Amino acid sequence: MQIIRYPDKSTWQDILKRPALSGQDMNTIVMPVIENVRQNGDRALYEYTEKFDHVVLSSLRVSPQEFTDASGKVDNDLKKAIAVASHHIEIFHRSQLTRSEKIETAPGVTCWQKPVAIEKVGLYIPGGSAPLFSTVLMLAIPARIAGCKEIILCSPPGRDGKIHPAVLYAARLSGVSEVFKIGGAQAIAAMAFGTESVPGVYKIFGPGNQYVTAAKKIVAQGDTAIDMPAGPSELAVIADDTAIPAFVASDLLSQAEHGADSQVLLFTLSENMASRVQAEVDLQLKSLPRKEIAMRSLEHSRIILLKDIAEIIDMVNDYAPEHLIIAMDDAENTAERIINAGSVFIGHFSPESAGDYASGTNHTLPTNGYARAYNGVNLDNFVKKITFQHITRQGLEYLGPTIMKMAESEELQAHSNAVKTRLNKQNG
């Protein structure tokens with residue numbers, strides 16, 4: 001990792017740049033895929049599965065027998081771990097359920113809103129070298145709690161034409177309706193438009209690489225909503241001299257191993273901490289099975305030395321990291337000053353891995369600086385809130401003059417007439 005010492009604020013933008021192709025490059029690559037799926041449905045999906053996943057499928061849909069077989073291939077210890085994680089995720093997300101409350105804004109005028117589950121949702125689960133069955137739990141459990149009627153899932157198959165057993169086990173456990181062997185931008189297009197096999201959905205959830213993220217942004221311009229633009233994983237750590245270098249290094253590597261386009265940053269005031277963490281990263285890297293991937297990620301990762309904590313907080317808020325670990329003696333007070341981050345981990349014994357798997361918070365989070373405006377997935381993402389109002393004669397007589405004056409001032413006479421006609425009728 002490169003160490004950058006006391007950079008001038010004018011250079012921050014370049015230092016914090018993420019490793020990504022330009023949006024225009026991505027759109028040029030992804031748009032033809034989306035259009036092909038829109039036009040040709042299943043035929044395009046089979047072609048892309050053969051081209052990108054190097055497997056010829058006879059069916060896109062996972063069969064009941066495949067679910068049964070998958071369950072038998074997941075060892076009991078993993079099943080127990082998934083059960084524990086599911087329980088904590090359930091507790092945290094069920095706590096987000098809200099009740100409708102009727103409010104009388106004026107005599108005879110009652111307003112309220114009711115959360116209603118999105119009927120059809122699609123979940124994208126990345127495949128590749130790491131089967132992210134934990135993401136199934138993070139998306140399907142809140143969808144089920146919210147009351148979504150149809151929950152479908154797409155994930156790329158392996159060379160054997162199958163989805164990883166743990167992904168299928170987690171899907172069945174969490175309440176997913178159907179699973180399809182489709183990956184990449186083509187999976188996003190299939191869920192957005194529907195094909196002969198894949199039902200179209202109203203909203204798409206899930207992380208992915210740059211191609212998946214670009215596809216989500218493109219379909220969101222039409223009739224399909226998305227959770228957020230969630231791309232390659234990223235982590236920032238703030239560490240003072242009380243931090244344990246081995247802990248910090250392990251956290252940095254935990255995200256670097258996600259992918260070559262992941263990015264990790266360490267912010268510190270301490271030259272000693274910077275050099276010790278760098279040495280620990282080099283040491284721990286040697287024993288990682290995904291060493292080559294992590295090494296490529298570390299090429300565009302940084303250790304940044306700054307002059308005071310205020311400068312660190314400003315730079316972190318500018319970066320708006322997906323994950324932020326605060327490994328400091330005064331971690332809680334520092335956390336209060338963070339305004340742009342997807343999920344924050346406070347103290348020396350709060351590894352980011354806990355949020356990825358089992359503490360209960362959701363690990364589907366905004367990346368690429370979107371934490372400035374987006375939150376991570378929560379129960380509200382799976383519902384829309386419909387407002388209601390009931391106005392009595394008394395209420396309309398009270399509101400009527402206000403409505404008519406405002407409508408006529410905007411030169412919208414029919415709006416005014418909708419009130420005037422009722423008042424005249426009531427008086428007549």
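## Close-up views of the predicted model

**View 1. Surroundings of Thr 224.** Apart from neighbours within four places in sequence, Thr 224 is in contact with Ala 192, Val 201, Tyr 202, Lys 203, Ile 204 and Val 219; contact means heavy atoms within 4.5 Å. This is a predicted model, in which local features need pLDDT of at least 70 and side-chain atom pairs count only at pLDDT 80 or more, while totals for chains, interfaces and linings use all residues. Residues are numbered from 1 along each chain as its sequence is written, and side-chain values use heavy atoms, with hydrogens and water left out. Thr 224 sits in the loop between helix H9 (210–219) and strand S8 (225–226). Helices (H or I, at least four residues) and strands (E, at least two) are DSSP runs, numbered from the N terminus. A polar atom of the Thr 224 side chain lies 3.3 Å from the backbone oxygen of Ala 192. Thr 224 counts as buried because its relative accessible area is 4%. Buried means under 20% relative accessible area, exposed over 50%, and partly exposed in between (1.4 Å probe, protein chains only).

**View 2. Val 219 in helix H9.** Val 219 has a relative accessibility of 5% and so counts as buried. Leaving aside neighbours within four places in sequence, Val 219 is in contact with Ile 34, Ile 188, Ala 192, Phe 193, Ile 204, Thr 224 and Ile 226. Between Val 219 and Asn 27 the C-alpha to C-alpha distance is 11 Å, although 192 residues separate them in sequence.

**View 3. Salt bridge between Glu 271 and Arg 5.** A salt bridge is a side-chain nitrogen of Lys or Arg within 4 Å of a carboxyl oxygen of Asp or Glu, and the count comes to 13. For Glu 271 and Arg 5, the closest N and O atoms are 2.7 Å apart. This pair links distant parts of the chain, with Glu 271 in helix H11 (residues 271–285) and Arg 5 in strand S1 (residues 2–5), 266 residues apart. Glu 271 is partly exposed at 34%, and Arg 5 is partly exposed at 46%.

**View 4. Salt bridge between Glu 90 and Arg 144.** The closest N and O atoms of this pair are 2.8 Å apart. Glu 90 belongs to helix H5 (residues 76–94) and Arg 144 to helix H6 (residues 133–146), 54 residues apart. Glu 90 is buried, with a relative accessible area of 19%, whereas Arg 144 is partly exposed, at 33%.

**View 5. A network of salt bridges.** Glu 66, Lys 162 and Lys 181 are the residues linked in this network.

**View 6. The largest cavity.** A cavity is a set of points on a 1 Å grid over the protein atoms alone where a 1.4 Å probe fits but cannot get out; lining residues have an atom within 4 Å of a point. There is one cavity of 30 Å³ or more. The largest cavity has a volume of about 60 Å³, the volume being the space filled by probe spheres set on the points, which are joined across faces, edges and corners. Its lining consists of Ala 243, Ile 244, Phe 247, Val 248, Asp 251, Ile 325, Ala 327, Gly 347, His 348, Ser 350 and Pro 351. Helix H10 (245–256) and strand S12 (323–327) each supply at least two lining residues, and H10 gives the largest share, three residues. By class, seven lining residues are nonpolar, three polar and one charged. Ala, Val, Leu, Ile, Met, Phe, Trp, Tyr, Cys and Pro count as nonpolar, Asp, Glu, Lys and Arg as charged, and the others, Gly among them, as polar.

Technical notes: Polar contact = N/O pair within 3.5 Å; in protein donor to acceptor, adjacent residues only side chain to side chain. 1 Å grid on protein atoms, 1.4 Å probe; cavity = no way out; pocket = protein on both sides within 12 Å on 5 of 7 lines; lining within 4 Å.
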